[in-house]
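Here is a friendly walk through the structure shown below.

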Amino acid sequence: MKNKILLYQPTISSHAFISPLALLAIGNSLLEENYEVEIVDANLNEQAHEAVLSQGLEVLFIGITAMVGAQIKDGVNLARKIRERFPGLPIVWGGWFPSVAYNQFLQEGAADYVVIGQGETTIKELADAIKTGGEKDRIPGIALKKDGKFIKTPDRPLTDLNQLPLPSYDLIDADVYIKKQEEIPHGQFRNTYRKVYGVEPSNCRTLFLSTSYGCPNNCSFCCSPEVCRRKWKGLSGENLAAAVERLQKKYDLGFIWFMDAEFFVDKKRVMTFCREILKRKVKIHWDPDGVCARDLAKLSEAELSLLKEAGCLSLFIGAEAAALETLKKLKKEHTPPEIVEEAVAKALEHKIIPRVSFLLGTPGESESSILETIDFSCKLKLRHPLSDIILLYFVPLPGTAFYEESLKLGFVPPASLAGWADKIYLKISVKHSIVSELREKHASMAKNIKHRFAPWASCDKEKLCLPEKILKKVCTFRLQHSLYRYPVDYWALKTVAKLYKRLLPSQ
Ligand code: B12
Ligand code: SF4
């Protein structure tokens with residue numbers, strides 16, 4: 001009887017060499033049940049489709065993961081080829097986008113089964129049912145076709161991550177991912193480390209880890225409330241420290257990126273993790289990807305010192321907007337600008353670099369609200385030059401509270417699955433989600449802050465030469481007076497860089 005399962009990670013984009021965490025999680029879970037598992041990552045393997053198709057006769061089923069974007073197109077293409085060559089071979093999809101668009105996956109014939117939300121337990125039950133011919137519609141947390149109808153079985157409660165195998169990279173060659181990360185010359189870790197310590201890190205070996213699943217928040221632009229029902233489960237502080245220690249030692253890591261939706265939901269766990277890391281003398285830097293500004297602002301001096309001491313180098317805060325009316329619509333009123341600013345200041349006092357993200361153009365957002373966000377993000381940067389500011393545009397995604405609103409405002413969703421991968425979709429959606437004639441104006445302002453402000457603002461004044469000092473002054477004046485549209489300082493910098501390149505082409 002067939003016992004092998006192939007898991008496929010579709011192409012994302014040329015620069016994304018983030019380890020296939022989802023497939024590692026479900027793969028490790030399947031290994032526990034003695035299935036043979038192989039992960040094929042199309043981001044590393046140019047012959048990825050062939051690598052899957054050549055094994056079509058030997059495998060029990062193919063599992064494909066996807067989030068919205070390029071992954072869908074590549075995954076759907078592979079599914080089509082599988083259907084042509086191996087009509088009876090089951091295809092299982094999972095991940096964020098299939099979890100909210102399962103009907104479309106089933107209707108288009110790309111999937112036989114869609115695993116909704118957390119996958120580790122569901123996939124084991126589904127694999128057993130496929131292997132033995134058991135009844136799939138009794139398995140909670142999946143969508144499937146039965147008697148010509150598409151059905152979704154009841155939600156599956158979240159599995160405690162501490163009941164699952166500790167995260168491991170044994171299923172793939174982790175060194176390939178580590179090397180790819182090392183090759184990124186201005187990688188996040190390198191840049192941040194330089195900002196904090198003024199020198200290049202001696203060990204840039206980086207891997208990724210997911211330390212929790214789910215999120216208790218209810219942001220209107222996010223599909224997590226629909227997929228996870230606002231539930232959250234995390235590895236205990238002790239288990240997390242054990243996993244980090246194991247990975248650090250095995251792969252000689254200098255940095256770990258925690259890809260959590262909300263890292264700080266359980267403060268006790270984070271503090272235990274920090275103490276354990278120190279107790280075990282693990283030398284590692286880390287960055288939690290999702291941190292609520294309110295949780296951070298509430299930390300005491302001692303707790304922040306502990307974070308820093310245990311290796312926290314930077315963190316990501318989703319601030320999203322500045323105007324209270326917009327924050328209320330986003331269901332983010334618990335993190336008004338003053339809380340975000342307090343969190344940023346506290347982190348920086350402890351030399352932890354905050355990356356602060358804002359979202360422009362949510363459905364019905366007024367121009368004044370957009371400008372308030374731009375203005376706040378800019379002033380935040382001026383007051384805290386070491387912070388990183390990220391400005392993003394809203395994209396309507398199925399499974400979010402804002403999706404219906406976007407449809408009412410005229411957003412036309414792609415007609416087919418592959419359309420969700422189209423870059424043009426992102427453009428169209430922006431056009432529909434904010435007052436379209438203002439889009440260009442805001443886009444250029446946002447760009448000015450994103451790319452054109454940073455080089456000056458975060459530089460130590462003493463280390464700048466005279467022309468740079470002058471340009472920094474111009475930039476500061478511009479931003480203090482909300483003059484975003486004509487970044488003369490940036491244009492000057494760009495011109496000099498161009499001339500320099502022309503005169504010294506080999507540099
Ligand atoms: C890492 C990451 C990325 C990486 C990609 C990494 C990769 N290798 O795929 C990068 C940086 C490239 C990225 C980009 C984007 N991302 Co992203 N990303 C994440 C992040 C932070 C972590 C994902 C992760 O690895 N989690 C850890 C694993 C263990 O959990 P998991 O993925 O949920 O997998 C579990 C289940 O979903 C399920 N499962 C998953 N796959 C499969 C497959 C099978 C067969 C089965 C059975 C089960 C299963 O089982 C797993 C274990 O329980 C999530 C947020 C989050 N915290 O999850 C956002 C998230 C997935 N991203 C999101 C978005 C919006 C984007 C972008 C569109 C952002 C943008 N505007 O550009 C782009 C799109 C990419 C592209 N260009 O095509 C959204 C997803 C929206 C959606 N409906 O798809 C999320 C949820 C963030 C959010 N809260 O809005 N992202
Ligand atoms: S955006 Fe982040 S904080 Fe908000 S609901 Fe989604 S995962 Fe949670």
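## Around the ligands

α1 supplies the largest share of the shell around ligand 1, with 4 residues; helices (H or I, at least four residues) and strands (E, at least two) are DSSP runs, numbered from the N terminus. Please keep in mind that this is a predicted model, in which local features need pLDDT of at least 70 and side-chain atom pairs count only at pLDDT 80 or more, while totals for chains, interfaces and linings use all residues. Residues are numbered from 1 along each chain as its sequence is written, and chains are lettered from A and ligands numbered from 1 in the order in which they are written.

Ligand 1 is surrounded by 40 residues, the closest being Gly63, Thr65, Gly69, Gly94 and Gly119. A residue counts as near a molecule if its C-beta atom, placed from the backbone, lies within 6 Å of it. Elements giving two or more residues to this shell include α1 (21–32), β3 (59–65) and α6 (120–132).

Around ligand 2 you will find Cys215, Asn217, Cys219, Cys222, Ser224, Pro225, Ala261, Glu262, Gly290 and Gly318. The table gives the make-up of both shells, where Ala, Val, Leu, Ile, Met, Phe, Trp, Tyr, Cys and Pro count as nonpolar, Asp, Glu, Lys and Arg as charged, and the others, Gly among them, as polar.

| Shell | Nonpolar | Polar | Charged |
|---|---|---|---|
| Ligand 2 | 5 residues | 4 residues | 1 residue |

In general, nonpolar side chains tend to be buried together in soluble globular proteins.

Beyond four places in sequence, Ile317 touches Val291, Ala293, Leu296, Val340, Ala343, Pro354, Val356 and Ser357; contact means C-beta atoms, placed from the backbone, within 7 Å.

Thr335 sits in the loop between α14 (324–330) and α15 (337–349). Is Thr335 buried or exposed? Thr335 is buried, because 23 other C-beta atoms lie within 10 Å; the cut-offs are 20 or more for buried, 12 or fewer for exposed, and partly exposed in between, with C-beta atoms placed from the backbone. Leaving aside neighbours within four places in sequence, Thr335 is in contact with Cys292, Ala293, Arg294, Ala319 and Val340.

Note on methods: Two residues are in contact if their C-beta atoms, placed from the backbone, lie within 7 Å.
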